[in-house]
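Welcome! Take a look at the structure, then read on.

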Amino acid sequence: MDNGIRWKKTHCARMDHGGCALLVGVKDNRIVKVKGDPEGLLNQGSTCAKGRCSPERLTHPDRLKQPLKRKGKRGEGRWTPIPWDEALEETAEQILRIKARYGARAVGFGVGMPKGLEHFVLIRLANIFGSPNVIASQDVCHAPREITGLHTCGFYPVADLHHPTDLILLWASNPTSTNEEGQIASLYAQRLKEGAGLIVVDPRRTEMADRADLWLQLRPGTAQALALGLLHVIIEEELYDRDFVRTYTHGFQDLADHVRAYPPERVAGITWVPADDIRRAARMYAQASPAALQWGNPIEHDINAFDATRSLVCLMAVCGNLEVPGGNIHAHEPRIMKLGQFVRADLIPDKRTEMISAYHGVIPRLMTVPPAFFRRAVLNSDPYPVRGYYGMGTNPLLAWADSRATHEAFNSLDFIAIADLFMTPTASMADIVFPVAHHFEFNDIGHYGLGHGMIFARPKIVDPPDGCWPDMRIMNELGKRISSPELWPQDHEQFLQDVLQPSGMSFSDFADKGFLKGPDRFQAYAEQGFRTPTGKVELRLSTAEKFGLKPLPEFSGFPEEDDPLRPLLLISAKNPYYLMSSYRWVQSLRERCPEPEVEIHPRTAKQYGITQGEEVIVETRWGQITQKARLTERVHPMVVSADLGWWFPEGDPGKQYEWRISNLNMLTSMSTLGKEFGTPNLKNIPCTVRKAERDKN
């Protein structure tokens, strides 16, 4: 107790993937302070501005507190409050009507990045209902790394930052601004303090690049070329792990012959990275024992994601950095319920062949539908009609490539229901909007199903407003109405106990402990091989012909051809104060970053007559947006980096909160997609910039 304040322990969520242990001060059912828990497994007492400010969401005056039914046209911002039973009954009636006419597969169940157990309750809802179509952003986040790892070495190779390492190769990852499923900046700081070397590969000079022994400022969209150049040096100079390569890899000679075409001088011309720096980076990584390669999801943001991720797994393998402490490991789960059992995968045995994306020949094991294929189904009935959508924790108008196509698709659906904390541009297109509880307002489990071998307790801190329900409760009650009620628990909190049942722990016991981590098991391949068809790391894919995949990673060209009318390259970077399109309504965060900014090199700005802070138009061949110029040498003169996720909660509800003005995805397209994952070009797009006043007449 401290002035009547009670301190409770939990873990952060929905500000990133979460994972930071928190101490939350409560007084009179109100959160008065948040600080990092020094006993936290990942953060060791640290936390970010987003985490500290997150309670502001609970008491915000614009928070949704009752179900709403649309009146008028979609996007007009006109609503009628309705009771919960009516909202659930109407949603169930509309979903069942679509099922009766078109089949269960005509309803898509949408979700953003995994934020808690509700992500997997949604998959369960879809499976039990009979729809194979869970629409998620995995095509540009996580899946290319995870699934490419499964095909190449039989597991998702996670950077092991819990053990000492000689070197961290940070590739398109910026942990001081955002985190990758539990890879919190505190872990990097500890390893660096112990003397680990650091190489950073990033088009932007990040804070970590400032601390690096070597920073490789590559041309955006050329990750696979750089990785193949590193492999060229490592193999040519015989720096690879001979014993591991000889015993545990398949196709090494094929890879060696293949990478002869990627000498540093040629790769330098592609990537803008000097040949000497390519050689130095290759030697540093190969001679470190061990080295951890931490990759961020920007390498998944263009059509060449498969080549980029494949080349990096090959790099880990030939240097013997797979399955060793301080390298890239197979993170084993604690004793918890298997994911397939939780989501009731047994009830939809034909999912793999009936998913929308199955008809487009995506890579096996991609079990969510890329948004581009979902919209093709909605707009063109390709491969079959899709007429309904239930979404939670997602804002597709901002998050998906080609926002115009998203708006057209959502406008043409027969029925949309959205669950969210606040009204968003996407929620404003719904027929029914459900108000959800904040993650401090219900019991939850974090990191389930993310492949990092740990789960975190998120016990309830305060009570939610009377009209707000946890997503798990909403879907549990909806599930009882659109499928057999006996397949759903009486109380949604049973889901928590189901996950924990194999551990023998109650949720209360789990909350007291804080987390469960799987056992450390290294070099299991020595006894059982790798879980691939050959039993080895497949540098050359043995299944390439069977699945229509490339046997070896390659650089086949830039994501989009150079455009003389648009000579700059457009990228984006996550903002440290927001999560994608979320939290622009949190006042203390908005004060730190009040407007969208596009980073432009001073030399480039001078060339285009642009000065600090003025409005500029960023244009690609797909569209244009307006953001404020931020002049900085952290970007290359040929690169501009725009803010993503911008809309304006203070804007006109009748105009869907001005979602078009500064939204990065007005500049992207779904016309060209990567074959393996259906990935569009979210970045690495030819663009130009100009002063906004030139358009004022």
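## The largest pocket

Of the residues in the lining of the largest pocket, 23 are nonpolar, 14 are polar and 10 are charged. Please keep in mind that the model you are looking at is predicted. The volume of this largest pocket is about 1700 Å³. Its lining counts 47 residues, and those closest to the centre are Glu146, Leu150, Leu339, Gly340 and Gly449.

Which helices each give at least two residues to the lining of the largest pocket? They are α3 (118–129), α4 (143–153), α13 (339–342) and α14 (351–354).

## The second largest pocket

Now turn to the second largest pocket, with a volume of about 540 Å³. It is lined by 25 residues, and Arg204, Asn575, Pro576, Glu599 and Arg630 are the closest to its centre. Here the lining divides into 6 nonpolar, 7 polar and 12 charged residues.

Strands take part in this lining: β23 (597–600), β25 (623–631) and β26 (639–642) each supply at least two of its residues.

In general, rolling a probe the size of a water molecule over the atoms shows where empty space is left. In this model, the count comes to 4 cavities of 30 Å³ or more.

The second largest cavity holds about 170 Å³ of space. Among the 21 residues that line the second largest cavity, Ile329, Ala331, His452, Met454 and Lys517 are the closest to its centre. Two strands, β8 (157–159) and β14 (328–330), each supply at least two residues of the lining. By type, the residues around this second largest cavity are 8 nonpolar, 8 polar and 5 charged.

## A sheet of three strands

Next, look for an open sheet of 3 strands, in the order β1-β2-β3 and with antiparallel pairing. β1 (6–11) and β3 (30–36) stand at the edges with a single partner strand each, so one side of each has no neighbour in the sheet. From one strand to the next, the twist averages 30 degrees.

How many bridges join β2 (residues 21–27) to β3? There are 6, and the two strands run antiparallel.

Is strand β16 mostly covered or mostly open? Strand β16 (residues 415–420) is mostly covered, with 6 of its 6 residues buried. In a regular strand, side chains alternate between the two faces of the sheet. In β16, Phe415, Ala417 and Ala419 point one way, while Ile416, Ile418 and Asp420 point the other way, and all of them are buried.

β16 pairs with strand β15 (residues 388–392) in the parallel sense, over 5 bridges. Within this pairing, glycine 388 stands opposite phenylalanine 415 in β16. β16 is also joined to strand β17 (residues 432–435) by 4 bridges, and these two run parallel. There, aspartate 420 has proline 435 of β17 as its bridge partner.

How values were computed: Residues are numbered from 1 along each chain as its sequence is written. This is a predicted model: local features need pLDDT of at least 70, side-chain atom pairs count only at pLDDT 80 or more; totals for chains, interfaces and linings use all residues. Side-chain values use heavy atoms; hydrogens and water are left out. On a 1 Å grid over the protein atoms alone, a cavity is a set of points where a 1.4 Å probe fits but cannot get out, and a pocket is an open set with protein on both sides within 12 Å along at least five of seven lines; lining residues have an atom within 4 Å of a point. Grid points are joined across faces, edges and corners, and a volume is the space filled by probe spheres set on the points. Ala, Val, Leu, Ile, Met, Phe, Trp, Tyr, Cys and Pro count as nonpolar, Asp, Glu, Lys and Arg as charged, and the others, Gly among them, as polar. Two strands pair if DSSP finds at least two bridges between them. Axes are lines fitted to C-alpha atoms, for helices over the stretch in contact, and angles run from 0 to 180 degrees between N-to-C directions. Buried means under 20% relative accessible area, exposed over 50%, partly exposed in between (1.4 Å probe, protein chains only).
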